[in-house]
Amino acid sequence: MEKPPAGTLCHQPLHCVLGSLVICIFLVSLNRSFSANSKNGVGFFVENYQNAISSPKPGSPMPARENAAVTDPCSGRYIYIHDLPSRFNTDLLDNCRSLTRGTDGNMCQYIDNFGLGPKVSDPGGVLSNGSWFRTNQFMLEVIFHNRLKKYECLTNNSSRASAVFIPYYAGLDMSQFLWSPNISVRDATGYDLVRWVSGRPEWRRMWGRDHFFVAGRIAWDFRRQTDDTSDWGSKLMFLPESRNMTMLSVESSVWNNDLAIPYPAYFHPSDLSDVAEWQDRIRNQERPYLFAFAGAPRPELRFTIRGKIIEQCLNSNGKCKLLNCSPETNNCDNPVNVMSVFQKSVFCLQPRGDSYTRRSTFDSIIAGCIPVFFHPGTAYVQYLWYLPENYTRYSVYIPLGNAKEGEKISIEERLLHIPRDKVVEMREEVVRMIPRIIYADRRDGVGAFEDAFDVAVKGILDRVERVRRVIRDGGDPGVGFSEQNHFKFDFPLP
């Protein structure tokens, strides 16, 4: 048999075809192997490192993974709580006898039930179920802190956090020193706080612009603008570090880094059925009074119109119900007294008092009583995350404070001119607002409806994310963050 010529690879056609096929398969396999190895090499490492360090925007889809559709429900929602020294929070509760709600009494009884206060005794059935507590309006920071401890997206890894919470009980701490003539005493804890917080590694990520805390007092208590001993409050929010933080308080000022969230009222339901039961009850409530006012005169305050309101209420021939809240009476410390009056009234008058806002506004909403405001600073420019933008849907505005000398503005006549079907619509809007303006009793965990706490957390996360977007886009995150807004109280009213 003849040997094939030198250099010939196949000596039969069939063998040539089979040999070529084997070579092709080998080359394809080699190419795939090289591609896979390159992806598992430097290029693959870089791609995955970039995915690891970039934070997806809230609401954006998570990167797809092979063989699994894994989504993190807490993406963009993680919150880290600073482990503050106890002197900034729990030590204050241990020394509750030094805390005051004003010029008399201490706060000890209101610490019960994680800041909700003692349960209300209601043998007359005014309040319908066991969701009512004698909550003090200054306990917001304790209530909020305890709710945040149960928050579903807490993290112990601060690098994962979208926001950082500072559990400083600012209002309770300040209540010890507000009346002190020594401004150094009033300011001392604030200086210590910002020194501690700004020294933590979490601060350097955004220089504090992802940090927030809650104050159970009005923002003006922390914005003393001079070092004159006669000026009120501390200068906490004017410290350089504080300008990079956000404060949630029961009343905001004209600066952009303090935002208003609702006063804690008396109603703290644990689930949606409790809310629905209460809503059904107040929808069908008999309301024999056209309007009501719960409060005390403030003759020492020259800007107040409470004297005019009380006078008109007393002269209304029974159309107005007045609940005297003078300290001597102790009437308004009992939720049963307050809610009994508000439930029986169509409208509830909410003039400004020592400051622009009142806890009574939220009491009236919970009672299904349509609030009547006399200054836009009482609600309209305050609780922007909570109240409808169109204020006529849920409230009445009477500019009684702008009345010219000798001009008579009758509250009764204004309210009587509102058509009945409009009143029904407004009351229904008020009733719908209830879940979002109350702090639910969530000591057992997550609830089934969005409450005031949930709205506040969502608002903070959105605020911090907007700052992050500015940073990613190469902008200055300080622009507009803590500036004074001179037009805030220039609310456009008819």
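This is a predicted model: local features need pLDDT of at least 70, side-chain atom pairs count only at pLDDT 80 or more; totals for chains, interfaces and linings use all residues.

Biologist: What makes helix 4 mostly covered?

Modeller: Buried means under 20% relative accessible area, and 9 of the 10 residues in helix 4 (residues 140-149) are buried, so by that cut-off the helix counts as mostly covered.

Biologist: How do you know that strand 1 and strand 2 pair?

Modeller: Pairing requires at least two bridges; 3 bridges join strand 1 to strand 2 (residues 163-165), and therefore the two strands pair. They run parallel, and Ile81 stands opposite Phe165 in strand 2.

Biologist: Why are strand 1 and strand 5 called edge strands?

Modeller: The open sheet has 5 strands in the order 1-2-3-4-5, with parallel pairing. Strand 1 (79-81) and strand 5 (258-260) each pair on one side only, and are the edge strands for that reason. From one strand to the next, the twist averages 30 degrees.

Biologist: How do you know that helix 14 packs on the sheet?

Modeller: Contact means heavy atoms within 4.5 Å, and helix 14 touches strand 1, strand 2, strand 3 (211-215), strand 4 (246-249) and strand 5, so it is said to pack on the sheet. The direction of helix 14 makes about 160 degrees with that of strand 4.

Biologist: What makes the span of helix 14 close to the expected one?

Modeller: Helix 14 (residues 452-472) has 21 residues, for which 30 Å is expected at 1.5 Å a residue, and its reach from first C-alpha to last is 30 Å. Just after this helix, Gly474 takes a positive phi of about 85 degrees.

Methods. Residues are numbered from 1 along each chain as its sequence is written. Side-chain values use heavy atoms; hydrogens and water are left out. Helices (H or I, at least four residues) and strands (E, at least two) are DSSP runs, numbered from the N terminus. The expected span of a helix is 1.5 Å times one less than its number of residues. Axes are lines fitted to C-alpha atoms, for helices over the stretch in contact, and angles run from 0 to 180 degrees between N-to-C directions. Buried means under 20% relative accessible area, exposed over 50%, partly exposed in between (1.4 Å probe, protein chains only).
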